[in-house]
Structures are given as C-alpha cells and as structure tokens.
Amino acid sequence: MRRRWLAAVAITMASVLGLAACGSSGGDKAGPTSTGGGEPKKVEVFSWWTGPGEADGLKAMRKIFETNNPQYTFFDAAVAGGSGDKAKALLQSKLQAKTPPDTFQGHAGAELQGYIKNGDLEDLNFLYDELKLKDVFPSQLVDQISVDGKIYSVPVNIHRSNVLWFNPKVLKDAGIAAAPKSVEEFIADLQKVKAKGKIPLSIGSEWTATHLLENVLLGSLGTDAYNALFKPGGNWGAPEVTKALENYKTIMSFTGPPQDDWQPAAQQVAKGEAAFNIMGDWAYGYFHNPPDGGLGLTSKTDFDWAPAPGTEGTYLWLSDSFTLPKGAKNRDGAIAWLKVAASKEGQDAFNPLKGSIPARKDADQSLYKDYLADALKDWSSNKLAGSIQHGVSVNQPWLAAITESVGLFIKDKDVAALQKGLVDAATANAQ
C-alpha cells in the first residue's frame, strides 16, 4: 500500500511542481534564501492557505511575525489546493531531497506520524517547556501531536469538519422548515430540493467527496462506532458500515456537477444555486468575511449552518499545526514563527479570519462571534471524533488508499467495491 501511495505522490508531483510559490505574495519571488549583508533573513513557511479567509488569517499572523522579528522576513511558500493534497505531495519531494522548508503546515494527529517515523521532524518539547504550552493547549490535542512523550508540532487552531451549510431561501422555497437532523431527513430534503430544480448538494474536487464520506459515516454510525473503526480490530466490513455506504451512495446521487474546489461549491450555496454543502468551518470565513477576503454575506439570512445530519452533539475535529523540520536552513527563524503561531496574539489574529477557533484555552472569547461562538461552546461540551480527510484518524498512506477507493466509487457507484477498498485500506495501514 505504501508503494501505491508513493506512486500517487509521484503522479501528483507532475501537476504541482510549477505551483511551489503560487500562494506567495508580491515581493517573495526571490526565494527563501538569506539575503546576506544586513538585510533580514527569509523564513520559508510552507502551507496550503491561499484562498479567501485562510490567506487573510495567514497574512495577519505574518504581520505579527515581521513586527516582532525585524531580523526576519516571511516567505510565503503556500501551494493552492483545498485540504493540502497538492502541497503535501510537493512537500514529500522536498523532504526526500533533503531541502525542507523552514516550517510546514500539517494536520495534528495521524497525518504527522509518517514524518515522525521517517525522522523528518525535530521534537518541540523545548519550546513547549519554554512557553508553558501544555498549560494552555487541551491535553487531548497535545496527546495527538506526541509520540513517546515527544511533541512534534504547534497547533494553531481547531476546525470542525461536520458542518452543514445551507441557503435559507432555497430551503424555504422547497418547503423545508429546518435543517435536517438525521441522515434519513437529509435524504428526504435533498429530494424536495431536486423537485424544485435546484442543486440539492454542491460538491467540489475529489477530496471533498472523502470529506462528505466521513460525515455520512459519522452521521450513520454514531460517535462510538465511528471512532471504533480506527482502533485495532476496527470492523470496516460490518453491516452497519454497509448501510452507511448505501446512505453515501444515495446522498452522492443528489450532488451537482463537481466544482474545482470547495470555494466554488460553497459559492453555489451562497448564490442560491444549491441548497446544501457539507464542509468544514473554514467555509464560515469564506461566507462571512468582507468581499476583499470572502463573500461578505449575512449570517442567518444569506447562509446558515447546523451540524451535519446525524452528528449533533459530536465535534468532528481537526487542527492545523506547524512543525520544525530537521535540516531547516533558517532554524532560528522557524522557531520565531512557531512562537507566533503558538501565541495568544497570533491565534486571536488568525482564527476569526480563518473561520476556526483557537487551540489555546485562554484566547479572547469576545473575538469569536456568530458561528465561531457556537463552535467554542460545542468544542467544550461535545463528544469528539477525528477527521479522516484532515489527518486526525488515519495516516497518509491510509488516507491515500481511502481516496483511491472513493475515486473508483465516484466512477462505478459500487458500494461493495467501496467497502472492500476500505477494509483493505484499514488492514494494510491500521496502527
């Protein structure tokens, strides 16, 4: 299975090598090298934050970084593409070539395990001790980014994967009084929207289909059964999983034409072309932020939200974090960036724009309004489940195998083949 994952990386690389600096802002074209003399040294920060909301949040942290560290200048090495699939493929080639960026974004959880096992990362216990970060980050989050007592990344935020975004007017026109609570209600509502000639459920590129799958699995199985899938002996061949995949097939039959990425799919909801979209809460920043960084929409009027059907009371979570690669050209600059990413000031500047809540427990809650206030409340009270697509529950080879199975399913709609692919992926990659 690892050979197949590396082959997929190699294929993807052909399409991303030209994108290495597509997210860079003006003035970054010279590359991430030291300028010499008395000029600031460049710090290469590698991420996939290029879209509205996320790029604005990154820019806000960059401003703090450069103000606090005049000896450094920020080099934005972002690679476009939702969920970071293209960025991670390019990153893999840089790590193999022993030319790592100074720091790179990674999802907290199982996604980091491959980098850790390969010896690509320095542990950050020294930074956690210096900044007393174990006192301000939730213990479960620290556990997810630790291996054998060593911590390997700095979490910047907490995202929620299981959000149902919808257009209130489209629902009203279809005779739908409230957001569906269960998967069964959701399927019935999709049929009502279809009868009115609208797109029932918008969808983006292939990774968004895997994102949808994790939500349907959670909504169909419940939190405990979903979480059990990723433990030793997790039964992906169970009849309950078959039923969940049948639900997925039905829901996928109501999707519109696939869009290039999550933003145009979300925009179909904003424009009233589609009723629903299941996407992480980074969509909130896109919907809500002013037009120069988003769509400038009004909450509860132009768009609304609810837990994905069947998932109320559960937070399907993920966390963006930054690492310290071994062999980084500007290690001191990378540590300076990590300190900003870990700080209350940095997280409070970043998250309201990104559409996420802070990883720190001591952030200024007054900054988190509207959807983000709901998210803060739910994070502190809900059951937790880890995202598949966004690196919490499965490592990268396992995710690659799941993505391959989903891609085949999109073509042939064969539930039995999809379930066999998921069983095989778990057998080959479960930890």
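**Note on selected local features**

1. Aspartate 148 lies in the loop between β4 (146–147) and β5. The model is a predicted one. In it, the phi of aspartate 148 is near 55°, a positive value in a residue other than glycine. Most residues other than glycine have a negative phi. With 79% relative accessibility, aspartate 148 counts as exposed, because the cut-off for that class is over 50%.

2. Lysine 98 also has a positive phi, near 60°, and is not a glycine. Its place is the loop between α3 (85–96) and β3 (103–107). Lysine 98 counts as exposed, at 68% relative accessibility.

3. Is serine 153 buried or exposed? Its relative accessibility is 0%, so serine 153 counts as buried. Serine 153 sits in the loop between β5 (150–151) and β6 (154–155). Leaving aside residues up to four places away in sequence, serine 153 touches Leu112, Leu124, Tyr128, Ile145, Ser321, Phe322 and Thr323. With serine 321 there is a polar contact, side chain to side chain, at 3.0 Å.

4. The crossing of α11 past α17 is right-handed. On the α11 side the contact is made by Tyr248, Lys249 and Met252, and on the α17 side by Val406, Phe409 and Ile410. Of the residues in this contact, 5 are nonpolar, 1 is charged and none is polar.

Conventions. Residues are numbered from 1 along each chain as its sequence is written. This is a predicted model: local features need pLDDT of at least 70, side-chain atom pairs count only at pLDDT 80 or more; totals for chains, interfaces and linings use all residues. Side-chain values use heavy atoms; hydrogens and water are left out. A crossing is left-handed if the near helix is turned anticlockwise from the far one by less than a right angle, and right-handed if clockwise. Helices (H or I, at least four residues) and strands (E, at least two) are DSSP runs, numbered from the N terminus. Contact means heavy atoms within 4.5 Å. Ala, Val, Leu, Ile, Met, Phe, Trp, Tyr, Cys and Pro count as nonpolar, Asp, Glu, Lys and Arg as charged, and the others, Gly among them, as polar. Buried means under 20% relative accessible area, exposed over 50%, partly exposed in between (1.4 Å probe, protein chains only). A polar contact is a pair of N or O atoms within 3.5 Å; within protein, one must be able to donate a hydrogen and the other to accept it, and residues adjacent in sequence count only if both atoms are side-chain atoms.
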